[in-house]
Amino acid sequence: MIEGGARLSGTVRASGAKNSVLKLMAASIMSEGECRIGNAPDIADVRTMVEVLRHIGLEVGYSDGDLNIGPASEPNVEAPYHLVQRMRASVEVLGPLIARYGRARVAMPGGCNLGARQIDMHMRGLAQMGATMTVSHGFVEAEAGRLEGTHVYLDFASMGATENLMMAAVLARGATVIENAAKEPEIGDLAEFLSKMGARISGAGTSTIEIEGTDALSGASHDAVGDRIEAGTLLLAGAITRGEVTVEGIDPGFLDIVLDKMVEAGCGVERAGDGISVWVPAGIRGIELSTLPYPGFPTDLQPQMLALLATAEGTSFVTENIFENRFMVVDELNRLGADVKTRDHHAIVRGVRSLSGAPVTAADLRAGAALVLAGLVADGATEVYEIEHIDRGYERFEEKLSSLGAAIRRAPAGQ
Ligand code: EPU
């Protein structure tokens, strides 16, 4: 429940990156010793991954942002449907299970709110490494002796496929090269963790990753990088309220293109050490924007940027290239008085003078965050429903925003 109108100001800290921690957790399946993952945000998706690992038989403790993960004594190499259905990223256990145990049974993720989202590249790469992959009764079943290093070319720089294959290759016999690999900072973070476990990886963060397989991995301790999407969301919250917000705990380099686009839209931006400050000296103006794999503009910040541009002077043209359904937020933004039209994967955003508060519903995690941002500047009260989507990926979102001066509170359960 948000009362719009407060200008945000102050400093807030980014949590650890959801999209890194989930993969670090999957990687720990391959360790023969104890792993510690620090800076792990207390969000629903991390809790779901804890359930996935426990289902496999790993010992998982979680307190104060630290995950302590011990190996499974009697592994059950399965990711069940009820967990994969709740969180697609559960499929990231596929590569580690095959590499470590030579077997895996992982529920096939169906479509999700963002679109079809297949895992064909994950499966093709694993098959190329020698695994027999079959799909039956809604499960991917894999069998392999020791995986063999190989040369994989990805048709699209998929984050999940790059990570699954990089993890599998670490325990394969011989060398693997992944070409057209995704370059997201979370992939560099995963490679760093795997290297601490004894893996030999070079090129993570570039489009060619080379892995020299090793026989076994030991335990390791690692703090996840900051969450660039959460940081970007909080900075956009500052900008939409025409306030002044500093986010700490984030490498500004992870957000280069986002900050460039914010400057183009009229924001002032300052990068300092592990912090970023954003303010709005005059006003926000319309811009053109296309989402692309990293280092392009992240699809995960597109809905929040759309909310900002809805309040700009002039017209913006936004193209979504990653997910077919990422404009689901548009109809809800329009309920708040925005003027956004979509055709195929393009949106035309005509800036309006003011938004007006209304009840709206979050269709997914980032759409939910975008609606909260819009509510921060809308006249009167905005209620955002189905905030369980937001809780999947933002740690204490409403607390962080209220610490910056937002009038936002969580409605008591059941209201
Ligand atoms: N794709 C395929 N086949 C594959 C794999 C991907 O066709 O085998 C397609 C997908 O259908 C999609 C595109 O490739 O259209 C991008 O998918 P990618 O594999 O890069 O995404 P992902 O690994 O499933 C991660 C993040 C997403 C983020 C995307 C893009 C995690 C857990 N999820 O998903 O995060 O949007 O990369 O950057 O890391 C979020 O946090 O809100 C979120 C959705």
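Two strands pair if DSSP finds at least two bridges between them. The exercises below use this rule on a predicted model.

**Exercise 1. Which residue of E23 is the bridge partner of Ile2, and how do the strands of that sheet line up?**

Step 1. Strand E1 covers residues 2-3 and strand E23 covers residues 381-385; two bridges join them. Two bridges meet the requirement of at least two, so E1 and E23 count as paired.

Step 2. The two strands run antiparallel. Within E23, Thr382 is the bridge partner of Ile2.

Step 3. The pair belongs to an open sheet of four strands in the order E22-E23-E1-E24, and the pairing in this sheet is mixed. At its edges are strand E22 (359-361) and strand E24 (407-408), each of which pairs on one side only.

**Exercise 2. Find the strands that are joined to E17 by bridges, and state whether E17 is buried or exposed.**

Step 1. Strand E15 (residues 244-248) is joined to E17 by five bridges, and the two run antiparallel.

Step 2. E16 and E17 make a hairpin with two residues between them. Gly273, in the turn, has a positive phi of about 55°.

Step 3. A residue is buried when its relative accessible area is under 20%. Strand E17 (residues 275-279) has four of its five residues buried, so the rest of the structure largely encloses this strand.

**Exercise 3. Describe how E5 is joined to E3 and to E4.**

Step 1. Three bridges link strand E3 (residues 35-38) with strand E5 (residues 66-70), in antiparallel fashion. Cys35 has Ile69 of E5 as its bridge partner.

Step 2. Between strand E4 (residues 59-63) and E5 there are five bridges, and these strands run antiparallel.

Step 3. E4 and E5 form a hairpin with two residues between the strands, where Asp64 takes a positive phi near 50°.

**Exercise 4. What surrounds the ligand, and which contacts reach its atoms?**

Step 1. Start with the count: 22 residues surround the ligand, and the closest are Lys23, Asp120, Ser158, Asp300 and Arg366.

Step 2. Sort this shell by class: nine residues are nonpolar, six are polar and seven are charged. Then sort by domain: domain 1 (2-15 + 226-408) and domain 2 (18-223) each supply at least three residues.

Step 3. Lys23 has a polar side-chain atom 2.7 Å from an oxygen atom of the ligand. For Asn19, a polar side-chain atom lies 3.1 Å from an oxygen atom of the ligand. Gln118 takes part through a backbone N or O atom, 3.2 Å from a nitrogen atom of the ligand.

Step 4. Consider the cover. The ligand taken alone exposes 830 Å², of which the protein buries 84%. The elements giving two or more residues to the shell are helix H1 (18-27), helix H5 (120-128), helix H6 (159-170) and helix H12 (365-377).

**Exercise 5. How many residues are buried in H12, and how many in H10?**

Step 1. In H12, 12 of the 13 residues are buried, so this helix is largely enclosed by the rest of the structure. Among them are Leu365, Arg366 and Gly368.

Step 2. At the start of H12, Asp364 places a side-chain oxygen within 3.0 Å of the backbone nitrogen of Arg366.

Step 3. Helix H10 (residues 302-310) is mostly covered, with nine of its nine residues buried. Gln302, Pro303 and Met305 are among the buried residues of H10.

**Exercise 6. Are Arg228 and Gly253 buried, partly exposed or exposed, and where do they sit?**

Step 1. Arg228 belongs to helix H8 (residues 228-240). Its relative accessibility is 8%, so Arg228 counts as buried. The side chain of Arg228 makes a polar contact of 2.8 Å with the side chain of Glu186.

Step 2. Gly253 lies in the loop between E15 and helix H9 (256-264). Because its relative accessibility is 28%, Gly253 counts as partly exposed.

Step 3. Gly253 and Pro185 are 68 residues apart along the chain, and 9.6 Å separates their C-alpha atoms.

Conventions: Residues numbered from 1 in each chain as written. Predicted model: local features only at pLDDT ≥ 70, side-chain atom pairs only at ≥ 80, totals over all residues. Heavy atoms only, no water. Near = heavy atom within 4 Å. Polar contact = N/O pair within 3.5 Å; in protein donor to acceptor, adjacent residues only side chain to side chain. Areas by Shrake-Rupley, 256 points an atom, 1.4 Å probe, with all protein chains shown as cover. Nonpolar A, V, L, I, M, F, W, Y, C, P; charged D, E, K, R; others polar. Domains from an automatic or database assignment. Buried < 20%, exposed > 50% of the residue type's maximum accessible area, 1.4 Å probe, protein only.
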